[in-house]
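Subject: Two-chain model, handover and findings

Hello,

Here is the structure I promised to pass on. Please open it alongside this email; my notes come after it.

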Amino acid sequence: MRKLLAVALAAFAGTLFAQETIKIGVIADRVGVSRPYSEPNTEGVVFGANEINQKGGVLGRKIELLIEDDQSRPDISAALARKLIDQGAVFIISVSLSPAAQQQQTVTMEAKTPQMTPTNSADYLTTQLPNPYFWQTGPLGSTQIATLLAHARSKNFKRVALITDNSELGQAIGKAFKGTLEKAGIQIVADEVVARGATTAIPQMQKIRAANPEAMFLAGVLTAENVLIFRAYKELGVKFPIHSSYNLSVPVYETVAKGLIDGITFVDAYDPDKPEVRAFEAAFKKATGKDPQNMHGYGYDGIMLVADAIRRAGSTDKEKIRAAMQATNYAGVMGKKGMKYSFPDGKRAGFDTDGMVVRVYEKDKQGRVVHVGQK
Amino acid sequence: MQDFLELAVSATASGCIYGLIALAYLLMIRPTGIINFAVGEWAMVAAFGGYLLLTKHQLPYPLGMAVVLAFMLLVGWVSERVAVRPLVEKGAPILAPILALLGVLVVTREAISVSFPPDPMPVPFPFGIGRLEFAGIGGSYQSFFIIAVTAAVFAGTWVFFEKTLWGKSFEAVSLNRRAAALMGINLSRVTALSFAAGASVAGCAGLLVSPNISAHYLMGIPLAIQGFTALVIGGVGRVEGALVGGLLLAFAEQLTARYAPIPSGFAQGVPLLFLIIFLLVRPTGLLRARG
């Protein structure tokens, strides 16, 4: 009888142990300025976590997501990172604004808790703080412009215009664009900014028209302001080609900029012909009933990278997870065909600098890939 | 020259939007003394109304516009009943309804934010995307539509205040509430109507600007700031001050961005500069009240 009781207790304890979850924190923006990107990112993370759990979880345990909303505010964001760590999160995924992810690092570095962002593209996230517990896997601003330039190289541009908005990210990407263009010996004949909340971009576009560039590079990330730029371009009847940052890879432009975007090339980390992308799109649609977009793919890759690191670490020990994450070699949804995320030579920006593609808008739809990588 | 005329049309259209928001402020400030910063959010509500009726349900533009503006009358009236009147009736200081209306601002924005997807929503142009040119002046159809509607709204408001008995009762309340009440003017009704009209005018601005910038949940605050700056420039004394302030602000913004030999980003400081200068040098605005 005693033996039977002991076996029953052991089985019960085993069941309890099996049911203990692995907690992953997610810091998202549900009401602030980055909500348009954060929301699909988060949906991608949730979809990925469900997929992992349906296949038995990680190390025999289910993943439990603890999702918090920081409104893209760095001050709130740091407090939420602390809260998630106190609640037992072994990894934090940041899908809010870059400055918020940066502020979270002050906590994760001190608490030695792994943190990653699958989407933030500000180059400074992994260069300003020596935080061995932080990684970014979204394509950097410098990678975007280098890929765009590689595509434009055949055109032999000598004089170009640059336009962006006054958001923090728009300025950061604009700065990266400017640096790379100048390094390539291309003259920037007009460098314009459209302010958040503007009602027109006619003055900026007139100035660009007067400078007579061979092409215009768009680094803005605010959808409404970018649409104003396209309207001014159309209204003034200018003809130079537009090359855009990856902000134009968000499909919302197909509806809000209808009739304005035909022929615009944009850099993207999403190749619709890639087998992994096709499988992801089919699975996502089946599970949610919605067509995914590239932003869902970033979030999906984020949770998959975290799960992969925990699996290889063989435990939820944060130090072991850190070492496993640093040794990542993983092919996901994002990036050109065959691209793998990795962090060679101690680097913590894991998107292959040669892994982006350039696509073109055709009949108001995101169209074919016209260029791959930086070569 | 063609460059300048093109810019003039664009600046006039932007100035009209600022002027309409300033007029919305003015309609409420004159009889009540209350500054309602929720006007920007009201413009946003109307923009989303435009998305729902004109884009999603594809109502004819005049009908959709009329329904949205009528709905905005209701929004203003309800806001006054819920957030302003109870405080005024209890004799609360003037700051109390202003703070309550800031609460309305937050509630409105969050309600829209959770009710719609995060991406900007398209609102159609009444006359499509196109360019009109005559006598060397060129601009989009929408720019000329904005200018025409704004002219009609300001003309109607001017006639209301100058030529109708109801308008005179508004003026009387703005001059002296107690004396107006003693003369038999119903203060509650004037206050409610001023909020309803303010919301409708702000909604008109939101509907007019939304085809250009789309309907999105963060569009309200910049409009509220631009309209407030236009109001400070033009002054609260006269209806036409709101339009003058809006036009002056838009021309200063766009001429600086186009012609000033400074980095483009610095042109964003122009509205702030105007606000500071007018608050310091001429806090009553350019146009003073008659009499």
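Below is what was found, from the whole chains down to single residues.

Please keep in mind throughout that this is a predicted model.

**Chain A, overall**

Chain A has 12 helices and 14 strands. The C-alpha trace spans about 95 × 40 × 40 Å along the principal axes of chain A. Of the 375 residues in chain A, 56% are buried. Take the contacts in chain A between residues at least 6 apart in sequence: 69% of them join residues at least 24 apart.

**Domains of chain A**

Where they meet, 11 residues of domain 1 of chain A contact 16 residues of domain 2 of chain A. On the domain 1 side, two elements of chain A give two or more residues each: helix H4 (98–111) and helix H11 (294–313). By class, that side of domain 1 has five nonpolar, four polar and two charged residues.

**A hairpin in chain A**

Strands S13 and S14 of chain A deserve a look on your screen. S13(A) and S14(A) run antiparallel and are joined by five bridges. They form a hairpin, with two residues between the strands. Lys363(A) sits in the turn and has a positive phi of about 50°. Within this pairing, Tyr361(A) is opposite Gln366(A) in S14(A).

S13(A), residues 357–362, also pairs with S10(A), residues 265–268. That pairing is antiparallel too, over four bridges. Thr265(A) has Val360(A) of S13(A) as its bridge partner.

Which strand holds Gly367(A)? Gly367(A) belongs to S14(A), which covers residues 365–372. Is Gly367(A) buried or exposed, or in between? Gly367(A) counts as partly exposed, because it has 15 C-beta neighbours inside 10 Å; being buried would take 20 or more. Leaving out residues up to four places away in sequence, Gly367(A) touches Arg359(A), Val360(A), Tyr361(A) and Glu362(A). Pro272(A) is 95 residues from Gly367(A) in sequence, yet their C-alpha atoms are 9.1 Å apart.

**Chain B, overall**

Chain B has 11 helices and two strands. Along the sequence, its pattern reads α-α-α-α-β-β-α-α-α-α-α-α-α. A compact globule of 291 residues would have a radius of gyration near 19 Å, and chain B agrees, with 19 Å. Its C-alpha trace spans about 55 × 45 × 35 Å along the principal axes. Buried residues account for 49% of the 291 residues of chain B. For contacts in chain B between residues at least 6 apart in sequence, 75% join residues at least 24 apart.

**Where the chains meet**

**The largest nonpolar core**

Nonpolar side chains tend to be buried together in soluble globular proteins. Here, the largest nonpolar core has 195 residues. Which residues touch the most other members of this core? They are Ile21(B) and Ala205(B). Helix H1 of chain B, residues 2–32, gives the most to this core, with 16 residues. The core also draws at least three residues from each of domain 1 and domain 2 of chain A.

Apart from neighbours within four places in sequence, Ala205(B) is in contact with Ile17(B), Leu20(B), Ile21(B), Ala43(B) and Leu223(B).

Best regards

Terms used
Residues are numbered from 1 along each chain as its sequence is written. Chains are lettered from A and ligands numbered from 1 in the order in which they are written. This is a predicted model: local features need pLDDT of at least 70, side-chain atom pairs count only at pLDDT 80 or more; totals for chains, interfaces and linings use all residues. The radius of gyration is taken over C-alpha atoms; the globule rule is 2.2 Å times the number of residues to the power 0.38. A residue is buried if 20 or more other C-beta atoms lie within 10 Å of its own, exposed if 12 or fewer, and partly exposed in between; C-beta atoms are placed from the backbone. Two residues are in contact if their C-beta atoms, placed from the backbone, lie within 7 Å. Ala, Val, Leu, Ile, Met, Phe, Trp, Tyr, Cys and Pro count as nonpolar, Asp, Glu, Lys and Arg as charged, and the others, Gly among them, as polar. A nonpolar core is a set of buried Ala, Val, Leu, Ile, Met, Phe, Trp, Tyr and Cys residues joined through C-beta atoms within 7 Å. Domain bounds come from an automatic or database domain assignment. Two strands pair if DSSP finds at least two bridges between them.
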